[in-house]
Amino acid sequence: MAQVIQEIKKPILHISCVPRKDTTLLKISLSQDDLGILYRVTSVLFNHRWDILEAVAETASDGHVQDLFVIRSWDGAEMTESLLSQIRSDLFALFYEGKSVAMYLRENAKEEILVRKIGDSEASLKLYNPISSDFTVMDLRMKDTPGILFQITEALYHLGIDIISFTANSFDGKIRDSFLLRTSLTGEKLDEKLMFPMLRAKLESFL
């Protein structure tokens, strides 16, 4: 009887960076798409004191996922080979070794962000489904606070919402975050009657 050998795909995580004038372009390639990529990446970068200014997810024909992130250090530091290696190690644990984000943050004494409330009375949230697009648009304006993107991505992750792209623009202490979203289950826009109120309530609980 012929023995059937099933090929087991080895987990793949490639990370590289390209320095820019005031920012760094971080490239992360994974062996498979997964809900919560930006959620995990934001937790690691928050721990190492880096902000994400822009993110775009791309899926290749072979199923590999490449995410591009424009990032900036909180204190103007440069990305070093040592730090890049540590970020890769942290992400590998989150993607392939079963470590949860909550556990990772607790180990690094950053668990307070899991329950933090921003308290921005001027924060505004807009959700809408453009007729000409396959995605839901979410615009969020609030005061610029380190780690706020992590809290947003955590909320989206727990609601089963995929982030297709993200951009952040800051001006005079304020930040405008714009997201393209879809449901992870069906790949469609968010339901305006069901998901819009749930997402709004989740975000407003800490803004």
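Of the 55 residues in the largest nonpolar core, I52, M138 and I152 touch the most other members. Such a core is a set of buried Ala, Val, Leu, Ile, Met, Phe, Trp, Tyr and Cys residues joined through side-chain atoms within 4.5 Å. The model is predicted: local features need pLDDT of at least 70, side-chain atom pairs count only at pLDDT 80 or more, and totals for chains, interfaces and linings use all residues. Residues are numbered from 1 along each chain as its sequence is written, and side-chain values use heavy atoms, with hydrogens and water left out.

Colleague: Is I71 buried or exposed?

Modeller: I71 sits in strand 4, residues 65–73. Buried means under 20% relative accessible area, exposed over 50%, partly exposed in between (1.4 Å probe, protein chains only). I71 has 0% relative accessibility, so it counts as buried.

Colleague: What separates the C-alpha atoms of I71 and A93?

Modeller: The two residues are 22 residues apart along the chain. Their C-alpha separation is 21 Å.

Colleague: How many residues of helix 4 are buried?

Modeller: Helix 4 spans residues 148–158 and is mostly covered. Its buried residues include I148, F150, I152 and L156.

Colleague: Which residue with positive phi follows helix 4?

Modeller: The phi is near 70 degrees. The residue is G160.

Conventions: Helices (H or I, at least four residues) and strands (E, at least two) are DSSP runs, numbered from the N terminus.
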